[in-house]
Amino acid sequence: MESKVSSQEKGDLEKKIDTILAAVQNFGLNFIQKLGELKHAISILSDQVEKMNKALITVKGLEPKINEITSMKQDLLSELHYLQSQVKVSSFKNTEVIQMKTDDSSPQYLDLLAGLQKQLKQYSDLSMLIHDLEEIKKKIYEVTGGHRVLFEIGETIKQLNSVETLTESELQNLNEKLTFWSNKLKS
């Protein structure tokens, strides 16, 4: 007994097969379309990563230049502070022009620096050392009318004012500065 499939059942079966084939076809097309979009997105991201790598290499290459610029900025700020101190000094002496060169006929401040340098290890009182430095600074100003060393001595006095006790390393540092200042004043 063979069963005969009616034409209506056959038509329903063909419709169901057509529906399944259409669904599979849509799924395949959607899958291919999504793969294409994914490939495109990956391509864009790869390009962006490549650009970021190039930018990162460029930034890493700028690091020494940035460090150099920072160093130059600190030097310029130091010079600016020095010039500001000179402007303040010149406002007290409006009639005279600040002289940057020392008068060789008056080496008395060099003797004061050398004397302080010799007696440096004998200082136990920090306030006495600061007082003597301020006196030397005044004498150098009177003789020179203004010099870069005055600013540096002032900075050292500020630094010593912030210290509670006088240590060996500070004395050694001050000894080196005194030698440096003497050489600067001689030139």
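Glu152 and Arg148 sit four residues apart in helix H4, which means that about one helical turn separates them. Helices here are DSSP runs of H or I with at least four residues, strands are runs of E with at least two, and both are numbered from the N terminus. The model is a predicted one, in which local features need a pLDDT of at least 70 and side-chain atom pairs count only at pLDDT 80 or more, while totals for chains, interfaces and linings use all residues. Residues are numbered from 1 along each chain as its sequence is written, and side-chain values use heavy atoms, with hydrogens and water left out.

Glu152 and Arg148 form a salt bridge, with 3.3 Å between the closest N and O atoms. The term salt bridge stands for a side-chain nitrogen of Lys or Arg within 4 Å of a carboxyl oxygen of Asp or Glu. Glu152 counts as buried at 17% relative accessibility, and Arg148 also counts as buried, at 17%. Buried is under 20% relative accessible area, exposed is over 50%, and partly exposed is in between (1.4 Å probe, protein chains only).

Glu152 has a further salt bridge with Lys184, where the closest N and O atoms are 3.7 Å apart. Because Glu152 belongs to helix H4 and Lys184 to helix H5, this pair ties together parts that are 32 residues apart in sequence. Lys184 counts as partly exposed, with 24% relative accessibility. Glu79, Arg148, Glu152 and Lys184 are linked in a network of salt bridges. In the whole structure, a search finds six salt bridges.

Another salt bridge joins the side chains of Glu135 and Lys138, at 3.9 Å from N to O. Both residues lie in helix H3, three residues apart, or about one turn of the helix. Glu135 is partly exposed, and its relative accessible area is 31%.

Asp132, placed in helix H3 (residues 126-144), is buried yet has no salt bridge. The nearest side chain of opposite charge is that of Lys139, 9.8 Å away; Lys and Arg count as positive and Asp and Glu as negative, while His and the chain ends are not counted. Leaving aside residues up to four places away in sequence, Asp132 touches Leu116 and Tyr123. A contact means heavy atoms within 4.5 Å.

What is the span of H3 between its end C-alpha atoms? The distance is 27 Å, which agrees with the 27 Å that 19 residues should span at 1.5 Å a residue. The expected span is 1.5 Å times one less than the number of residues in the helix. Buried in H3 are Leu126, Leu129, Ile130, Asp132, Leu133, Ile136, Ile140, Val143 and Thr144. Seen down the axis, the buried residues of H3 fall within an arc of 160°, so they line one face of the helix. The arc is that of the directions from the helix axis to the C-beta atoms. Helices H2 (108-118), H4 (148-161) and H5 (168-186) are what the buried residues of H3 pack against. Just after H3, Gly145 has a positive phi of about 80°.

Ser127, also found in helix H3, is partly exposed with a relative accessible area of 45%. Between Ser127 and Leu166 there are 39 residues of sequence separation and 9.8 Å in space, C-alpha to C-alpha.

Helix H5 has 19 residues and reaches 27 Å from its first C-alpha to its last, close to the 27 Å expected at 1.5 Å a residue. Its buried residues are Leu171, Leu174, Leu178, Trp181, Ser182 and Leu185. They cover an arc of only 100° around the axis, which puts them on the same side of H5. The cover over the buried residues of H5 includes H2, H3 and H4.

For the chain as a whole, there are five helices and zero strands, in the pattern α-α-α-α-α along the sequence. Of its 187 residues, 21% are buried. Among contacts with a separation of 6 or more, 72% are between residues 24 or more positions apart. The chain averages a pLDDT of 80, and 86% of the residues score at least 70. Over residues 94-105 the pLDDT is below 50, and this stretch has 17 contacts in the model beyond near neighbours in sequence. The pLDDT is the predictor's confidence in each residue, from 0 to 100.
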